[in-house]
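My notes follow in the order I took them.

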Amino acid sequence: MSLSESLTQVFNRTLDSLKTVIPIEFTFDQPSLYTENLTNVTYGVLIMLTGDIRGQLIIQGDQHAFQHIGEMMFGMQLEGEMLQSFTGELGNMIAGTLSSKVAGSGINMDITPPDVLSEQQKEFHLMHRLHTPVYLKDTLHMQIIMELEEAS
């Protein structure tokens, strides 16, 4: 399978994982190639992918989007350290579900612990990446960015 096909397959399974983990209605655009070299990550989570498929998964968005998901899942407003902890765990749940889904097709993939990003510049070094906005409500959205690197 080519890197482009792997990226598309893993990205689609990431969106399936999002649907499994987040218990609220949301929509997303058709995935497209992400071409910018530098992204200002205002808030989000980074998880590295290891094994047969190596790369990174970034879920970024406004803190209010993560707060909304937390409130829908737990029935309470999350702020400060609780919000950061939830953001990391949300990324962990999505990436863990993704890892299980790709294992079903014989691909070995593991994930690293989540790294919560806040007001950071994140440099992308890899050439093969897809992204899509995820719309939670009229004014709340997140973005999923996935990069894969060539197998060595």
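I call a residue buried when its relative accessible area is under 20%. The model is predicted, and I read every value below with that in mind.

**Entry 1: His68.** I applied the cut-off here to begin with. His68 has a relative accessible area of 16%, so I log His68 as buried. His68 sits in helix 2, which runs over residues 63-74. I then asked what His68 touches, not counting residues up to four places away in sequence. I found Ile24, Leu136, Lys137 and Leu140.

**Entry 2: Leu136.** I followed one of those contacts, Leu136. Leaving aside neighbours within four places in sequence, Leu136 is in contact with Ile24, Glu25, Phe26, Ala65, His68, Ile69, His141 and Met142.

**Entry 3: Gln67.** Gln67 also belongs to helix 2. Is Gln67 buried or exposed? Gln67 counts as buried because its relative accessibility is 11%, below the 20% limit. The Gln67 side chain makes a polar contact with the side chain of His64, at 3.1 Å. Beyond four places in sequence, I list Gln77, Leu78, Glu79 and Leu83 as contacts of Gln67.

Entry 4: I checked strand 4, residues 55-61, and found 7 of its 7 residues buried. Both of its faces are covered. Gly55, Leu57, Ile59 and Gly61 lie on one side. Gln56, Ile58 and Gln60 lie on the other. Strand 8 covers residues 141-148 and pairs with strand 4 in the antiparallel sense, over 7 bridges. I looked up two partners in strand 8. Gly55 bridges to Leu148, and Gln60 bridges to Gln143. Strand 8 is mostly covered too, with 7 of its 8 residues buried.

**Entry 5: The cores.** In soluble globular proteins, nonpolar side chains tend to be buried together. I went looking for that here. The largest nonpolar core holds 38 residues. Which of them touch the most other members? They are Ile22, Ile59, Ile69, Leu90, Ile94, Leu136 and Met146. Eight elements each supply at least two residues: helix 1 (3-21), strand 3 (38-51), strand 4, helix 2, helix 3 (80-103), strand 5 (109-111), strand 7 (128-135) and strand 8. Helix 3 gives the largest share, 7 residues. I also noted a second, separate core of 5 residues, including Val41, Leu46, Ile58 and Leu117.

**Entry 6: Helix 3.** I took its span next. Helix 3 has 24 residues and reaches 35 Å from its first C-alpha to its last. That is close to the 34 Å expected at 1.5 Å a residue. Its buried residues are Leu83, Phe86, Thr87, Gly88, Leu90, Gly91, Ile94, Ala95, Leu98, Ser99 and Val102. An α-helix has 3.6 residues a turn, so residues three or four places apart point the same way.

**Entry 7: Aromatic pairs.** I count 3 aromatic pairs. Phe26 and Phe28 form a tilted one, 6.4 Å centre to centre with 40° between the planes. Phe26 is buried because its relative accessible area is 14%. Phe28, at 29%, is partly exposed. Tyr43 and Phe66 form an edge-to-face pair, 5.3 Å centre to centre with 70° between the planes. This pair links distant parts of the chain, with Tyr43 in strand 3 and Phe66 in helix 2, 23 residues apart. Tyr43 has a relative accessible area of 1%, so I log Tyr43 as buried. Phe66 is buried as well, at 0%.

Definitions and conventions. Residues are numbered from 1 along each chain as its sequence is written. This is a predicted model: local features need pLDDT of at least 70, side-chain atom pairs count only at pLDDT 80 or more; totals for chains, interfaces and linings use all residues. Side-chain values use heavy atoms; hydrogens and water are left out. Buried means under 20% relative accessible area, exposed over 50%, partly exposed in between (1.4 Å probe, protein chains only). Helices (H or I, at least four residues) and strands (E, at least two) are DSSP runs, numbered from the N terminus. Two strands pair if DSSP finds at least two bridges between them. A polar contact is a pair of N or O atoms within 3.5 Å; within protein, one must be able to donate a hydrogen and the other to accept it, and residues adjacent in sequence count only if both atoms are side-chain atoms. Contact means heavy atoms within 4.5 Å. A nonpolar core is a set of buried Ala, Val, Leu, Ile, Met, Phe, Trp, Tyr and Cys residues joined through side-chain atoms within 4.5 Å. The expected span of a helix is 1.5 Å times one less than its number of residues. Rings of Phe, Tyr and Trp (its six-membered ring) pair if their centres lie within 6.5 Å; planes under 30 degrees apart count as stacked, over 60 as edge-to-face and the rest as tilted.
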